[in-house]
Amino acid sequence: MPVNYRIKTADEIPSINGIQIFTGQASIKNSGRDDLTLMVLAPGCTVGAVFTQNRFCAAPVHLCKQHLYSGSEIRALVINTGNANAGTGSEGRERALAVCEAAAAQIGCETGQVLPFSTGVILEPLPHQKIIDALPHVRPVHWTDAARAIMTTDTVPKAAGSEAGIGEHHTVRAAGIAKGAGMICPNMATMLGFIATDAKIAQPVLQLLTQEIADLSFNCITVDGDTSTNDSFVVIATGQSGQSEIDNIADPRYAELKSLLAPLALELAQAIVRDGEGAGKFITVRVEGAQSRDEARQVAYAVAHSPLVKTAFSASDPNLGRILAAVGYAGIADLNVDHVRLWLGDVLVAEHGGRAADYREADGQSVMREAEITVRIHLARGSETAEIYTCDLTHDYVSINADYRS
């Protein structure tokens, strides 16, 4: 089960005017549960999105970029699980386009106004006819139902919601869902994430906001260091809160909206790590005293990606030299290791190039037994910081991924 994660109830997730959600069974993997989601957007919605940096990106990612960058007003999203439609060449794109055509005909819009998303097994043809046949039979549902419908190896649905005052006399609501448990590493981290808000924001400004939010959330997590072919994060603004449009980043409401959406995205991103395949511990790696945020992230990821570090956490083994080794090979050529300090929780482990004088292994062992652990590293090179979130690496991770296609 996920580390310290509570599944949200439907009444904790607000409905967002301007978006309708439907799910149904396409039986792509004969799962016996809903595996198809349709989101229908009212006219006037704007959409921002960021996608995987994997060069072998999936067919639906190609189509999403094409449809978004054409400037068309997006009217629908179609999401299937059970098949990633990745590594499928031109035929995969044709099948994804056929799904878009069917959805467009159903809701009365143009094919280029539909965004397709897929997640599941790579290198297998998309059974697009199953999706097309299932679309007319989808039924209206709540966000929490959609969170279940987009799951693959997830053990729990991931949904979140919030609201806040934006500008004068306006309450803005936001709701989101995400899926992911393995093949998680930016950029992006196999995840899908969708957030909708009833704020009104111009598309170019929303695109910038989406990128900024992703960098503070979904691009700060790693489970296994593998960047998926299908990663996508989408923010939808329906504009139905009653406020006037945010059309530039200097508008004070831009920062207010970011303060609403960024924590929601981070909650969803951390939920993915908490539900990491086989995870037993949730680990925050915080690097301080770096010359730049990129440098801090570079060191944090070296630690968070290390199989030796992650297996030590799994065993509650304070073999903390593994963390120092990861800091050392992170790629900072002029790092002065005598200035580096390392804490495990509140316990100072290393300083002056070696083990801290007061460190006792029993203290480290006590922290390692906890379900949530913070590793703090100070580089003494500057004032920049970064946090990366990861989990331990267990036998269950190997079993889940060895049996994934069974």
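This is a predicted model: local features need pLDDT of at least 70, side-chain atom pairs count only at pLDDT 80 or more; totals for chains, interfaces and linings use all residues.
**Entry 1**

Residues are numbered from 1 along each chain as its sequence is written, and side-chain values use heavy atoms, with hydrogens and water left out.

Helix α7 (residues 293-305) packs on helix α9 (residues 321-328) at about 135°, and their axes are 8 Å apart. I took helices as DSSP runs of H or I, at least four residues, and strands as runs of E, at least two, numbered from the N terminus. The axes are lines fitted to C-alpha atoms over the stretch in contact, with angles from 0 to 180 degrees between N-to-C directions.

That angle makes α7 oblique to α9 (under 35 degrees is roughly parallel, over 145 roughly antiparallel, 65 to 115 roughly perpendicular, the rest oblique).

Next I listed who meets whom: V299, A302 and V303 from α7 face I323, A326 and V327 from α9, with contact meaning heavy atoms within 4.5 Å. The residues of this contact divide into six nonpolar, no polar and no charged (Ala, Val, Leu, Ile, Met, Phe, Trp, Tyr, Cys and Pro are nonpolar; Asp, Glu, Lys and Arg charged; the others, Gly among them, polar).

**Entry 2: α1 and α2**

I then turned to helix α1 (residues 59-69) and helix α2 (residues 89-107), whose axes come within 8 Å and cross at roughly 55°. That makes α1 oblique to α2, and this crossing is right-handed. On the α1 side I found A59, H62, L63 and H67, meeting G92, R93, A96, L97 and C100 of α2. Here the tally is five nonpolar, three polar and one charged.

**Entry 3: F194**

I looked up F194 in strand β9 (residues 192-197). F194 counts as buried because its relative accessibility is 0% (buried is under 20% relative accessible area, exposed over 50%, partly exposed in between, with a 1.4 Å probe and protein chains only). Leaving out residues up to four places away in sequence, I noted that F194 touches M39, L77, I79, F117, W143, A175, G176, I177 and V234. V234 is 40 residues from F194 along the chain, yet their C-alpha atoms are separated by 4.9 Å.

Notes:
A crossing is left-handed if the near helix is turned anticlockwise from the far one by less than a right angle, and right-handed if clockwise.
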